[in-house]
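Work through the exercises below with the structure open beside you. Try each task before reading its solution.

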Amino acid sequence: MLDKTKKDWWKSAVAYQIYPKSFQDTTGSGTGDLQGIIRRLDYLKTLGVDVLWLSPVFASPQVDNGYDISDYRAIDPMFGTLEDMRELIAEGKKRGIGIMLDLVLNHSSNQHHWFLEAKKSKDNPYHDYYVWRDGTPDTPPNDMKACFGGSAWEWVPEVGQYYFHQFAPEQPDLNWENPAVRREIYDMILWWMEQGVEGFRLDVIDQIAKEPDKGITGNGPRLHEFLRELSANTFQKGCLVTVGEAWGADTERAKLYSAPDGSELSMVFQFEQMMLDQQKGKGKWDLASLPFVEMKKSYAKWQKELHGAGWNSLFLNNHDLPRIVSRWGDDTGYREMSAKALATMLHGMQGMPYIYQGEELGMTNVCWPIEKYRDLETLNMYHERKAQGVPEEEIMRSIHVKGRDNARTPMQWDDSTHAGFTTGTPWIDVNENYHSIHAKAALENPDSVFYYYQKLIALRKQYPVFVFGDFRLLEENHPQLFVYERSFEGEKLLIVCNMSGQEVSYALPQDWQDSEVLIANAEGGLNGIFSPWQAMVLHKKNA
Ligand code: GLC
């Protein structure tokens, strides 16, 4: 177990993201709950993770599956009670697993009592908790668009003003310019810290310092000032791990966010690599193939730039992204091999790895007709593009490749009805392939993707070079291989991954010929032939 009283304990940690709604139901309601997470803690302990990031479980009307919070100090009854949360925290601690809560601080739900008050009148004390502008019913303050479609401005006749929302109208933006809002947030975070949580993930944190009059959403001028104030008033009073979601972060900004002095956060989720397989300058629905060489260079840049100057997060999946084995791997011919190759590619790097539920089983995307989807973003996009005359087939292709529900189908525990997720009717269908892809089978098979992840996690704990080593990209322009070296105090790793479905000949560098294989997803490779999706990590000392 990690010593979590030490500052920076999280540098050796591995996190696991749970989407509580789809993890484990214990009541037959069809949605997962906190007791379900408690029930599965031993499974997670077996995997070896140290931190559980839970997507929001706070009270919420669930317009955006909990990313619309109506009470930051209450648990949504759908998930259980505050007592269940306390039990989860305590049971997690017994197993060396900390709870990381997902704080949505850029906006609240329109059902939060702050907003219900705010929209009553301009002189209500809560009015200024949100971002209001004058206008007339048919002329919004400007033409800014919301991320989930439509205008970013919503008219409220009672006050004769518009409020600003970067996401759905039910998610009004909080006004961070107002010190009272910031104080409320700090008090709430301190309260959660007292409950024993060990970390926070901060939703769309790069969007809090918006300046709508100038069209600014992300990376506003006061962003880092706000973060430093937030951190000093809260996180720095404990030994927490914090990660901000920052779609707009480049390496320079990431160094501010994750400055080694701890003045802001521990790290951010940046999305540079995740945005490479979309058409340049367009959104995620405009598909393009992955520029592999560019992807390697992008990883190399982040690894190098943040080494000694910040900290990376490492992830290939989350609740907003499609399943990586379907996206960059091969979920038909080489599902397990490619899942392991992707894991090797990522877990060999420096940073904190985040595994998303089911990734350790090689869970895949779904390919459904529109009626089966539940995600607001997906459905809004579908209707918007339909109205623009985009052919159904093209829209559905984008959804099958990139839709968020790919990641949100229930966790596949076994091959019983609904994959052991619920005894009721699941809120969203289970992926049909649960008959063959499930945790029970993985636990019975020593060669499973699950045990491969388990080993990668264990290696990180065993060899400091995984945590502290520097990074050097080899074979930069090779179109199929991802090869890199790590070194730290005389220890070295060589990571070689064939990221393609073709056999590739590659002779290991001379000085690596007699090294030890720490992990590999197939035999061979040392003789110069890498089979499709073959991956390995080599190790040597005193180099
Ligand atoms: C983040 C969340 C996403 C949510 C959005 C609005 O991007 O990850 O799920 O819809 O913020 O809160």
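**Exercise 1. The ligand**

How many Å from an oxygen atom of the ligand does a polar side-chain atom of Asp320 lie?

Solution. The model is predicted.
- Step 1: find Asp320 and its polar side-chain atoms; one of them is 2.4 Å from a ligand oxygen atom.
- Step 2: turn to Asp64, where a polar side-chain atom lies 2.5 Å from an oxygen atom of the ligand.
- Step 3: The ligand has 14 residues around it, and the closest are Asp64, Asp203, Glu245, His319 and Asp320.

**Exercise 2. Strand S13**

Determine why strand S13 (residues 352-356) is described as largely enclosed by the rest of the structure.

Solution. 
- Step 1: recall that buried means under 20% relative accessible area.
- Step 2: apply this to the strand. Five of the five residues of S13 are buried, so the rest of the structure largely encloses the strand.
- Step 3: separate the two faces. In a regular strand, side chains alternate between the two faces of the sheet. In S13, Met352, Tyr354 and Tyr356 are on one side, Pro353 and Ile355 are on the other, and all are buried.
- Step 4: look for the partners. Strand S1 (residues 15-18) runs parallel to S13 and is joined to it by three bridges; here Ala15 is opposite Tyr354. Strand S12 (residues 313-314) also pairs with S13 in the parallel sense, over two bridges, and Leu314 has Pro353 as its bridge partner.

**Exercise 3. An open sheet**

Find which strands stand at the edges of the open sheet of three strands.

Solution. 
- Step 1: write down the strand order, S6-S8-S7, with antiparallel pairing.
- Step 2: count partners. Strand S6 (132-134) and strand S7 (153-156) each have a single partner strand, so these are the edges, and one side of each lacks a neighbour in the sheet.
- Step 3: check one pairing. Three bridges connect S6 and strand S8 (residues 161-164) in the antiparallel sense, and Arg133 stands opposite Tyr162 in S8.

**Exercise 4. Helix H6**

Work out why the buried residues of H6 line one face of the helix.

Solution. 
- Step 1: list the buried residues of helix H6 (residues 223-233): Leu223, His224, Phe226, Leu227, Leu230 and Ser231.
- Step 2: look down the helix axis. The buried residues of H6 fall within an arc of 155 degrees, so they line one face.
- Step 3: name what this face meets. The buried residues of H6 pack against helix H5 (179-194), strand S9 (199-202) and helix H7 (251-257).

Note on methods. Residues numbered from 1 in each chain as written. Predicted model: local features only at pLDDT ≥ 70, side-chain atom pairs only at ≥ 80, totals over all residues. Heavy atoms only, no water. Buried < 20%, exposed > 50% of the residue type's maximum accessible area, 1.4 Å probe, protein only. Helix = DSSP H or I, 4+ residues; strand = E, 2+ residues; numbered from the N terminus. Pairing = 2+ DSSP bridges. Arc of directions from axis to C-beta. Contact = heavy atoms within 4.5 Å. Near = heavy atom within 4 Å. Polar contact = N/O pair within 3.5 Å; in protein donor to acceptor, adjacent residues only side chain to side chain.
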